[in-house]
Amino acid sequence: MWQRAVEIGAEEVLRLPDAESLLADRIADAVEGAGRPALTVGVIGGSGGAGASTLACALALGAGRAGERTILIDGDPLGGGMDVLLGGESAEGLRWPDFAASRGRVGAGALEESLPELHALRVLSWDRGDRVVVPPAAMRSVVAAARRRGGVVVVDLPRRVDEAVAEVLAQLDLVLLVVPGELRSVAAAGRVAAGVRMVARDVRVVVRGRCREGLDAEAVAALLGAPLAGEVPVEVGLPGRVQEGEPPGARGALARFCDGFWQRALGSAQGVPA
């Protein structure tokens, strides 16, 4: 069998019935026309109030400006809702509780079309109900469907790595750990980074705000044992602009950081900036 597979140039050999689910995935890929998976980036705060959700939102907007099909996934049930941050809490479309019973494969095209469209992004957020848990299997299926659609997927993650979050981390190309430049925040971020590294392949540090107590951005990254992805200054007027309906990262220093990030990421051979 293996000799014949080599002769015809087969990619792999599947034995039935053990590989039934894998064969079903291959058939579904052919039907959906699946191509290159999305570049998938997670954003997680190293400490409370680090600004991870704001950066995730801004990165998604930046990917859209770069011409990429983009899905923004809110993986933090206690974060208040990405749709709220984007001013679209009343927009029509499905939220996480609608996918809680998902098992197996979720259609990539159907997922994208079912989500609210806000500022040219598709956004998967939480509703205003009481559900704060999505089973790991559902989380895995939904994120995998988003990746198969191609383009860019940005995921806002909570600091606590439970089984569901681990399912997301395993599918990410890159995790950005957002850390304010102060010793207490760096200490907290060290604990978060330890949990993330148990699953994620590539973790990098984004330093937010001016460093204090003799630190600089390179020193913060070195203390955390991770490469430095960049520095994001605190924009004094940003909260007010968001309150007035402007999404974070639409302009200003945060927008420039995100545009530069995607220019490097989308232009590199591996899809992730060195």
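**Entry 1: Gly-260**

I started at Gly-260, which is buried, with a relative accessible area of 18%. The cut-off for buried is under 20%, so Gly-260 qualifies at 18%. I'm working from a predicted model here. I placed Gly-260 in helix α11.

**Entry 2: helix α11**

α11 covers residues 252-267, 16 residues in total. From first C-alpha to last I get 23 Å, close to the 22 Å expected at 1.5 Å a residue. Which residues of α11 are buried? I noted Ala-253, Leu-254, Ala-255, Phe-257, Cys-258, Gly-260, Phe-261, Trp-262 and Ala-265.

**Entry 3: helix α3**

I moved on to α3, residues 52-65. This helix has 14 residues and reaches 20 Å between its end C-alpha atoms, close to the expected 20 Å. I found 10 of those 14 residues buried, so α3 is largely enclosed by the rest of the structure. My list of the buried ones runs Ala-52, Leu-55, Ala-56, Cys-57, Ala-58, Leu-59, Ala-60, Leu-61, Gly-62 and Ala-63. After α3 comes Gly-67, and I noted its positive phi, near 90°.

**Entry 4: α3 against α11**

Two packed helices are described by the angle between their axes and the distance between the axes, so I looked up both. The axes of α3 and α11 come within 9 Å and cross at roughly 60°. The two helices are therefore oblique to each other. What is the handedness of the crossing of α3 and α11? It is right-handed.

I then wrote down who makes the contact. From α3 I have Thr-54, Leu-55, Ala-58, Leu-59, Gly-62, Ala-63 and Arg-65. From α11 I have Leu-254, Ala-255, Phe-257, Cys-258, Asp-259, Phe-261 and Trp-262. By type, the contact residues split into 10 nonpolar, 2 polar and 2 charged.

**Entry 5: Ala-145**

Last stop was Ala-145, in helix α6 (residues 136-148). Is Ala-145 buried or exposed? At 0% relative accessibility, Ala-145 counts as buried. Leaving out residues up to four places away in sequence, I find Ala-145 touching Val-106, Gly-107, Ala-108 and Leu-111. For Gly-107 I also took the C-alpha separation from Ala-145: 6.1 Å, with the two 38 residues apart along the chain.

Terms used:
Residues numbered from 1 in each chain as written. Predicted model: local features only at pLDDT ≥ 70, side-chain atom pairs only at ≥ 80, totals over all residues. Heavy atoms only, no water. Helix = DSSP H or I, 4+ residues; strand = E, 2+ residues; numbered from the N terminus. Expected span 1.5 Å × (residues − 1). Buried < 20%, exposed > 50% of the residue type's maximum accessible area, 1.4 Å probe, protein only. Axes fitted to C-alpha atoms, helices over the stretch in contact; angles between N-to-C directions. Parallel < 35°, antiparallel > 145°, perpendicular 65-115°, else oblique. Left-handed = near helix turned anticlockwise from the far one by under 90°. Contact = heavy atoms within 4.5 Å. Nonpolar A, V, L, I, M, F, W, Y, C, P; charged D, E, K, R; others polar.
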